[in-house]
Amino acid sequence: MKRIQDVLWRVLAVMLTAIVSSVQAEESAFNMTKGVTDISGKVYDLHMLIFYICCAIALVVFGAMFYSMFRHRKSKGAVAANFHESTKVEVVWTVIPIIILVLMAIPATKTLVAMEDTSQSDLTVRITGSQWKWHYSYFNEGVEYFSLLATSQKAIDGVEEKGAHYLLEVDEPLVLPINRKIRFLLTSDDVIHSWWVPDFAVKKDTIPGFINEAWTRIDKPGVYRGQCAELCGRAHGFMPIVVHAMEEDKYDQWLLAKKDEIAKAEQEAAASLTATLSKQELMTLGEKTYLDRCAVCHQATGAGIPGAFPAITGSQVATGDVSVHIDTVVNGRPGTAMQAFSNQLSDKEIAAVVTYQRNGLGNSVGDLVQASDVNAFKAATSQTSKEGQ
């Protein structure tokens, strides 16, 4: 008898602790974030409402169960009732859950409808997932760029100390203004990715050949981080998202500066077509480009990953016909993980990385590729394509 009472009192203490914890859950580090948008606040409030309803249901159900076990135990001479059904009880335990579900569905439906309403947006950004980086394009602004992981390979390999934002830092964050409705159009170049920023309550799959929509209106300036939330391949964990939310006037200044930066890059690209770089200059730029863009698949040493990604060292492409090598980097290889870099790298960078692959990583072909060679190859293939049509 005393043992039973002790057990029941312990169970009751656990239940009371759970109730107190549920009240404190709002401030818990393990709870859903409140975020910095109106929608994320609605999602959070809905989450807490459902959570408290579930806690109340658990309290009633388990309270009744433990009370019955204690009040009607065999040691007190309780005798089980002998009946087979009760229409009233069955109606009650069917109707009450239906009412609860309907009451839960009303706020849930309102929130879901609000999450899908992308109308009357002030700014549209196309987000394209690509193995393994994000491409951002600002509609009607002439601004687009790739956002790559900024964590160094040495930190990943454990040679350098890991920073505060290890694997959650990028070279080019997505810059957005606060207090403006921003519409996202999401798609993918290759496989299914998922653009997820918890502080915005935005999580949408990017699917090849499809356009998904989402939106946000950020209330507070700051830096907000997320990740790809869809298992998209070997470097899935190296595909972070960083959003820099700015005051509206600062965003407008950034946009003008970004346009100037892009214009200067285009001028430099045009100038590079008439420039001849030395082998050392090509190898230096080529090594940097290779480590930034190619090493994730082919490894920093060029050894590749057997069965997944071919080695650069001693490969037929890197030691064979240079035009085939340029074509591989420019246009990629359909049906493989080798993507096209024609719109990701400048002609100068492509020339440098091809030169580096042919004269480094254990290869010593000896030939040098200039930006003009890459540009001439693109022009020739473009003309051939037009003639074929």
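Q: How does lysine 378 count at 23% relative accessibility?
A: A residue is called buried under 20% relative accessible area, exposed over 50%, and partly exposed in between, using a 1.4 Å probe and protein chains only. Lysine 378, at 23%, therefore counts as partly exposed. This is a predicted model, in which local features need pLDDT of at least 70 and side-chain atom pairs count only at pLDDT 80 or more, while totals for chains, interfaces and linings use all residues. Residues are numbered from 1 along each chain as its sequence is written, and side-chain values use heavy atoms, with hydrogens and water left out.

Q: With which residue does the side chain of lysine 378 meet in a salt bridge?
A: Side chains of opposite charge can pair when their charged atoms come close. A salt bridge here is a side-chain nitrogen of Lys or Arg within 4 Å of a carboxyl oxygen of Asp or Glu. Lysine 378 pairs in this way with aspartate 347, at 2.6 Å from N to O. Lysine 378 belongs to helix 10 (residues 371-388) and aspartate 347 to helix 9 (residues 347-359), so that the pair links distant parts of the chain, 31 residues apart. Helices (H or I, at least four residues) and strands (E, at least two) are DSSP runs, numbered from the N terminus. Aspartate 347, with a relative accessibility of 13%, counts as buried.

Q: How many salt bridges does the structure hold?
A: There are 12 salt bridges in the structure. One of them joins glutamate 248 to arginine 180, with 3.0 Å between the closest N and O atoms. Because glutamate 248 lies in helix 5 (residues 248-272) and arginine 180 in the loop between strand 4 and strand 5 (182-188), the pair ties together parts that are 68 residues apart in sequence. Glutamate 248 counts as partly exposed, at 30% relative accessibility. Another salt bridge is formed by the side chains of arginine 183 and glutamate 213, at 2.8 Å from N to O. Here arginine 183 is in strand 5 and glutamate 213 in strand 8 (residues 212-216), and this pair links distant parts of the chain, 30 residues apart. Arginine 183 is partly exposed at 23%, and glutamate 213 is partly exposed at 32%. Salt bridges can also form a network, as they do among Glu172, Lys258 and Glu261.

Q: Which residues does the UniProt annotation "transmembrane region" cover?
A: The annotation, which comes from an unreviewed UniProt entry, covers residues 49-70 and 91-109. UniProt positions are given in the numbering used here, feature names are shortened, and annotations may be inferred rather than shown by experiment. In the model, residues 49-70 are 100% helix and 0% strand, with their end C-alpha atoms 31 Å apart. Residues 91-109 are likewise 100% helix and 0% strand, and there the end C-alpha atoms are 26 Å apart.

Q: Which residues make the nonpolar surface patch of about 610 Å²?
A: Patches are made of residues with over 30% relative accessible area and no salt bridge, with like charges joined within 9 Å and nonpolar side chains (Val, Leu, Ile, Met, Phe, Trp, Tyr) within 5 Å. Accessible areas come from the Shrake-Rupley method with a 1.4 Å probe, and for residues only the protein chains shown count as cover. The patch is made by Val91, Val95, Ile98, Ile99, Val102, Leu103 and Ile106. Leucine 103 lies in helix 3 (residues 87-115) and is exposed, with a relative accessible area of 55%.

Q: Which residues are buried in helix 8?
A: His325, Ile326, Asp327, Thr328, Val329 and Val330 are buried in helix 8, which spans residues 322-331. Threonine 328 counts as buried because its relative accessibility is 10%. Contact means heavy atoms within 4.5 Å, and, leaving aside its neighbours within four places in sequence, threonine 328 is in contact with Val317, Arg333, Met338 and Gln339. Just after helix 8, glycine 332 takes a positive phi of about 70°.

Q: Where does leucine 167, with its positive phi, lie?
A: Leucine 167, a residue other than glycine with phi near 65°, lies in the loop between helix 4 (153-157) and strand 4 (174-177). Leucine 167 counts as buried at 17% relative accessibility. Asparagine 140 also has a positive phi, of about 60°, although it is not a glycine. Asparagine 140 sits in the loop between strand 2 and strand 3 (143-147), and counts as exposed at 80% relative accessibility.
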